[in-house]
Amino acid sequence: MCDVCVMGTLLQGCSIYDKADLDKMSATPGDAFRANADSDNGGRSDSAEKNDGKANDEEKNAENAGENTEDLTKLRDYSAISTKKYSWYIVRDKNHGMSGCDNSFPLDQYDAYYVDRTCAEKGEKVMYLTFDCGYENGNTPAILDALKKHQAPAVFFVVGNFIKDNPDLIRRILADDHIIGNHTMTHPDLPQISSMDAFQKELQDVEELYTSLTGEAMTKFYRPPRGIYSTENLSMAKELGYSTFFWSLAYVDWIQDQQPTKEAAFDKLLKRIHPGAVVLLHSTSSTNAQILDELLTKWEEMGYHFAPLSELAEKI
């Protein structure tokens, strides 16, 4: 669920939302989601695509029942690795426990993560802030102000045009000791990319823009557009030296003409926070810009502190 999604057709995305959110979104431009009872999961709005999603889920369950967990990342022949499309989803715990996720295969064998399991299991109230940045509409400066006030580090996952269009903002993000992560050059449906050369170009083009602007090498943190991925993509990202980061907490914040109220945002983000959470917010959200200072205060009052995603990367 990225900001650039709202400018395109409805695509299958991640799933972290309440049923009421899914119903509201079903006829709305943007990412739509595959509904899944009490798990905040969702699907595309087109009815045929929804049926396809259900069939794919049933097929996935059958296939994964006996899936081989061999470390496929050791293979150089990517045609031998599954190109099956997955959409990231999590199953929310109602008592501030760690969110569950798609356990079809072990993410960590691909250097892919969505939560700090150590903190979650120990109940340590550490959280990691991340922002997806498809374009800039004037809300990022207020977000940076709030982060600076609370000394809260964050990763901003950017697409190529964000770097090209906002060099001063990139410089400010870095000056404030945040990290720029890679969200691909063109925000494509990556499972449709089966060659290493094409996949590498999506990441390398962003790296080159970043290095050209900053003179530094880019931190190799990667987030798949819309949370859509395949084991082939994860294998390629790992071989290119990237760690892939999904998320364990988010809400519907990117639809520009349907921004959540302050009350609705707090209701979701305060109830769903948990130890070890990797939080996904969108930098284009006017609601996020307006509430972030107060939201960070409320999380701090709940006993949480903010750690850099690099700290999680070092643990794993």
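**View 1. Phe 221 and its neighbours.** Leaving aside residues up to four places away in sequence, Phe 221 touches Val 155, Phe 157, Ile 179, Gly 181, Asn 182, Tyr 242, Ser 243, Phe 245, Leu 309, Ser 310 and Ala 313. A touch, or contact, means heavy atoms within 4.5 Å. The model is predicted: local features need pLDDT of at least 70, side-chain atom pairs count only at pLDDT 80 or more, and totals for chains, interfaces and linings use all residues. Residues are numbered from 1 along each chain as its sequence is written, and side-chain values use heavy atoms, with hydrogens and water left out. Phe 221 is found in strand S8. Helices (H or I, at least four residues) and strands (E, at least two) are DSSP runs, numbered from the N terminus. With 7% relative accessibility, Phe 221 counts as buried. Buried means under 20% relative accessible area, exposed over 50%, and partly exposed in between (1.4 Å probe, protein chains only). One of the contacts, Gly 181, is 40 residues from Phe 221 along the chain, yet their C-alpha atoms are separated by 5.0 Å.

**View 2. The whole protein, for orientation.** The protein has 11 helices and 12 strands. Of its 316 residues, 57% are buried. Take the contacts between residues at least 6 apart in sequence: 73% of them join residues at least 24 apart.

**View 3. The ring pair Phe 199 and Tyr 222.** The structure holds 10 aromatic pairs. Phe 199 and Tyr 222 form an edge-to-face pair, because their ring centres are 6.1 Å apart and their planes stand at 80 degrees. Phe 199 lies in helix H7 (residues 196-214) and Tyr 222 in strand S8 (residues 221-222), so the pair ties together parts that are 23 residues apart in sequence. Both Phe 199 and Tyr 222 are buried. Rings of Phe, Tyr and Trp (its six-membered ring) pair if their centres lie within 6.5 Å; planes under 30 degrees apart count as stacked, over 60 as edge-to-face and the rest as tilted.

**View 4. An aromatic cluster and two lysines over rings.** Ring pairs link Tyr 86, Trp 88, Tyr 114, Tyr 229, Phe 246 and Trp 247 into a cluster. The charged end of Lys 84 sits over the ring of Tyr 86, 5.9 Å from its centre. Lys 298 lies over the face of Phe 266, with 5.4 Å to the ring centre. A charge sits over a ring if NZ of Lys or CZ of Arg is within 6 Å of the ring centre and within 35 degrees of the ring normal.

View 5. Helix H8 (residues 231-239) is largely enclosed by the rest of the structure, because 7 of its 9 residues are buried. The buried residues are Thr 231, Glu 232, Asn 233, Leu 234, Ser 235, Met 236 and Ala 237. Their cover includes strand S1 (86-87), strand S4 (112-113), H7, S8, strand S9 (228-229) and strand S10 (243-245). Gln 109 and Leu 234 are 125 residues apart in sequence, but 9.3 Å apart in space, C-alpha to C-alpha. Gln 109 sits in the loop between strand S3 (100-101) and S4. Gln 109 is buried, with a relative accessible area of 13%.

View 6. Gly 241 is found in the loop between H8 and S10. Its phi is positive, about 90 degrees. With a relative accessible area of 45%, Gly 241 is partly exposed.

View 7. Gln 151 has a phi near 50 degrees, a positive value in a residue other than glycine. Gln 151 lies in the loop between helix H4 (140-150) and strand S6 (154-158). At 72% relative accessibility, Gln 151 counts as exposed. Asp 177 is not a glycine either, yet its phi is positive, about 70 degrees. Asp 177 lies in the loop between helix H6 (167-175) and strand S7 (179-182). Its relative accessible area is 63%, so Asp 177 is exposed.

View 8. A cavity is a set of points on a 1 Å grid over the protein atoms alone, where a 1.4 Å probe fits but cannot get out; lining residues have an atom within 4 Å of a point. Grid points are joined across faces, edges and corners, and a volume is the space filled by probe spheres set on the points. The second largest cavity has a volume of about 30 Å³. Its lining is Pro 153, Ala 154, Val 155, Asp 177, His 178, Ile 179, Pro 308 and Leu 309. By class, this lining has 6 nonpolar, 1 polar and 1 charged residues. Ala, Val, Leu, Ile, Met, Phe, Trp, Tyr, Cys and Pro count as nonpolar, Asp, Glu, Lys and Arg as charged, and the others, Gly among them, as polar.

Technical notes: On a 1 Å grid over the protein atoms alone, a cavity is a set of points where a 1.4 Å probe fits but cannot get out, and a pocket is an open set with protein on both sides within 12 Å along at least five of seven lines; lining residues have an atom within 4 Å of a point.
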